[in-house]
Amino acid sequence: MAYGTSPRRIALVGIGKIARDQHVPALQASSEWDLAATVSRSGSIEGVEAHDDFDGFLEARPDIEVISLCLPPQPRFDYAKKALLARRHVMLEKPPGQTLAEVHELQRIAEKQGVTLFASWHSRMAAGVAAAKSRLVERVVQSLRITWKEDVRKWHPGQDWVFAPGGMGVMDPGINALSILTEILPEPVHLTAAELEFPENRDTPIAARLEFSGNVSAEFDWRQEGPQTWDIEIETNKGPLALREGGARLYVDGSEQKLLDHPGEYPSLYARMADLVGRGASDVDLAPMIHVADAMTLGRRVTAAPFEF
Ligand code: NAP
């Protein structure tokens with residue numbers, strides 16, 4: 001923050017798991033931001049002005065110019081559209097919407113209103129991602145394999161929205177891997193085949209295997225108990241690279257690289273949002289979501305055992 005400027009007021013909407021785990025700590029630790037209000041039907045944060053109605057909040061606090069939406073994707077479009085029409089700058093949790101067209105519409109409104117729209121991808125801010133990207137500039141990628149296996153009961157406890165239409169199922173974490181893929185690869189790839197496992201009692205997949213051009217593949221599974229796996233392994237003409245732990249650790253030719261001190265994914269996202277608002281710019285990259293939409297279009301459906309939390 002420039003010397004002498006005061007923190008920018010921001011409101012958080014949807015006080016649930018990710019708001020409490022990441023957004024609130026990142027904002028409260030930042031000198032650039034003042035967490036001035038929350039909007040949630042039932043949640044609140046101690047010491048922060050709480051609203052339970054979004055229309056009422058927009059009317060009551062026109063001085064809060066920035067709104068960060070931590071809602072699941074299904075209700076997000078309606079909230080984002082209202083916020084943009086009320087001339088607020090908007091930051092979206094990932095994935096930025098239920099559909100691509102929703103996000104295109106938000107982009108159009110943001111542009112017309114002259115406000116910032118930031119479709120955030122927190123995994124792109126992981127400590128090893130920028131370093132991996134710069135290493136790949138000097139190498140030819142021969143193959144890349146993503147393994148993203150985690151326990152849905154641990155990361156989305158009781159969150160039925162992930163299995164409802166628009167919730168994306170295992171693509172909800174999988175899109176984090178795809179956000180890294182689309183960031184680090186020097187040349188774009190496209191999906192060529194997919195197999196999606198849908199629990200017989202649910203509307204979204206619990207596991208997926210994706211194949212892309214360029215010898216790129218991905219395996220996502222939400223049924224992994226015990227150790228969790230978020231790995232990207234890359235073979236190149238000059239030896240292997242690997243990103244592990246969701247991009248937090250980088251290995252080149254088998255040895256772990258020392259990474260620069262890193263503020264963390266969410267502090268980095270909010271620093272980016274402050275920069276975008278300051279410059280009057282937007283950042284909406286839909287490349288990760290295009291791969292998910294393509295997998296849903298091209299994927300072969302396999303029925304899996306019913307799933308209950
Ligand atoms: P969550 O806890 O289930 O939901 C967040 C909050 O959104 C809820 O507490 C709820 O607050 C509000 N909400 C839910 N459904 C709503 C509806 N239909 N209308 C209005 N408000 C509604 O979800 P989350 O885990 O925080 O995930 C939210 C977003 O963050 C998702 O897009 C997810 O992909 C992303 N994310 C999650 C994680 C994670 O570890 N869980 C990590 C990174 C990113 P009120 O009921 O109080 O209004």
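## A first look at the ligand and its surroundings

The ligand takes up the space of the largest pocket. Keep in mind as you explore that this is a predicted model.

Let us begin with the neighbours of the ligand. A shell of 26 residues surrounds the ligand, and the closest of them are I18, S40, R41, R76 and D172. What kinds of residues make up this shell? Twelve are nonpolar, eight are polar and six are charged.

Where in the chain does the shell come from? Two helices to look for are α1, spanning 17-28, and α3, spanning 73-85, each of which supplies at least two shell residues. The largest share, four residues, comes from α3.

| Residue | Protein atom | Distance to a ligand oxygen atom |
|---|---|---|
| S42 | backbone N or O atom | 2.9 Å |
| R76 | polar side-chain atom | 2.8 Å |
| Q159 | polar side-chain atom | 3.0 Å |

How much of the ligand does the protein bury? Taken alone, the ligand exposes 880 Å², and 83% of that is buried by the protein.

Now for a few spots in the loops. S30 sits in the loop that runs between α1 and β2, the strand at 33-39. The side chain of S30 reaches the backbone nitrogen of W33 at 3.5 Å. Which distance separates S30 from D275 in space? From C-alpha to C-alpha they are 13 Å apart, while 245 residues separate them in sequence.

Two backbone details are also worth a visit. As background, most residues other than glycine have a negative phi, and most peptide bonds are trans. R87 is found in the loop between α3 and β5. Although R87 is not a glycine, its phi is positive, at about 60°.

Is the peptide bond from K94 to P95 cis or trans? That bond is cis, and its omega is near -15°.

How values were computed. Residues numbered from 1 in each chain as written. Predicted model: local features only at pLDDT ≥ 70, side-chain atom pairs only at ≥ 80, totals over all residues. Heavy atoms only, no water. Near = heavy atom within 4 Å. Polar contact = N/O pair within 3.5 Å; in protein donor to acceptor, adjacent residues only side chain to side chain. Areas by Shrake-Rupley, 256 points an atom, 1.4 Å probe, with all protein chains shown as cover. 1 Å grid on protein atoms, 1.4 Å probe; cavity = no way out; pocket = protein on both sides within 12 Å on 5 of 7 lines; lining within 4 Å. Sits in = over half its atoms within 2 Å of the grid points. Nonpolar A, V, L, I, M, F, W, Y, C, P; charged D, E, K, R; others polar.
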